Amino acid sequence: MGSDVISDVTPNTYISDITKRYELQQALEVSGMKRLFDQLLMDESNRELLENLPLRAIVTVGWTIDQMNNFIQLANQN
């Protein structure tokens, strides 16, 4: 029952939860975040670390808060 509810993306949403959600793929593409995630997650040592971080940690790899907020806005439009 509760598992069917899709929650909004926030800065606290885990990267692993974002990359697994099919309905967020377009927002990832449009924002450019898919390219960044693909590059970062190619390295297996990065994968485990990044997937267990909240989205807000993306600013540590060069993204700005504005870019993150743009993705969040796009992700929550569906």
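User: Why is Arg21 called buried?

Analyst: In this predicted model, Arg21 has a relative accessible area of 16%. Buried means under 20%, so Arg21 belongs in that class.

User: What makes the pairing of Arg21 with Glu23 a salt bridge?

Analyst: The closest N and O atoms of Arg21 and Glu23 are 2.6 Å apart. The cut-off for a side-chain nitrogen of Arg and a carboxyl oxygen of Glu is 4 Å, and the pair therefore qualifies as a salt bridge. In general, side chains of opposite charge can pair when their charged atoms come close.

User: Why is Glu23 described as partly exposed?

Analyst: Glu23 has a relative accessible area of 31%. Buried requires a value under 20% and exposed a value over 50%; Glu23 is therefore partly exposed.

User: How many salt bridges does the structure hold, and how do you know that Lys34 and Asp38 form one?

Analyst: The structure holds two salt bridges. The side chains of Lys34 and Asp38 meet at 2.9 Å, N to O, and the limit is 4 Å, so the pair counts as a salt bridge. Both residues lie in helix α3, four residues apart, which is about one turn of the helix.

User: Are Lys34 and Asp38 buried or exposed, or do they fall in between?

Analyst: Lys34 has 24% relative accessibility, and Asp38 has a relative accessible area of 38%.

User: Why is Thr13 called buried, and where is Thr13 found?

Analyst: Thr13 has a relative accessible area of 11%; because buried means under 20%, Thr13 is buried. Thr13 is found in the segment before α1, the helix of residues 15-20. Not counting residues up to four places away in sequence, Thr13 touches Asp8, Ile18, Leu53, Pro54 and Leu55.

User: What makes the approach of Thr13 to Thr10 a polar contact?

Analyst: A polar atom of the Thr13 side chain lies 2.8 Å from the backbone nitrogen of Thr10. The limit for such a contact is 3.5 Å, and the distance therefore falls within it.

User: Which residues have the most contacts inside the largest nonpolar core?

Analyst: This core has 19 residues, and those with the most contacts inside it include Ile18, Phe37 and Leu55. The largest share, five residues, comes from α3. Leaving aside neighbours within four places in sequence, Phe37 is in contact with residues including Ile18, Leu55 and Ile58. In soluble globular proteins, nonpolar side chains tend to be buried together.

Conventions
Residues numbered from 1 in each chain as written. Predicted model: local features only at pLDDT ≥ 70, side-chain atom pairs only at ≥ 80, totals over all residues. Heavy atoms only, no water. Helix = DSSP H or I, 4+ residues; strand = E, 2+ residues; numbered from the N terminus. Buried < 20%, exposed > 50% of the residue type's maximum accessible area, 1.4 Å probe, protein only. Polar contact = N/O pair within 3.5 Å; in protein donor to acceptor, adjacent residues only side chain to side chain. Contact = heavy atoms within 4.5 Å. Core = buried A, V, L, I, M, F, W, Y, C linked by side-chain atoms within 4.5 Å.
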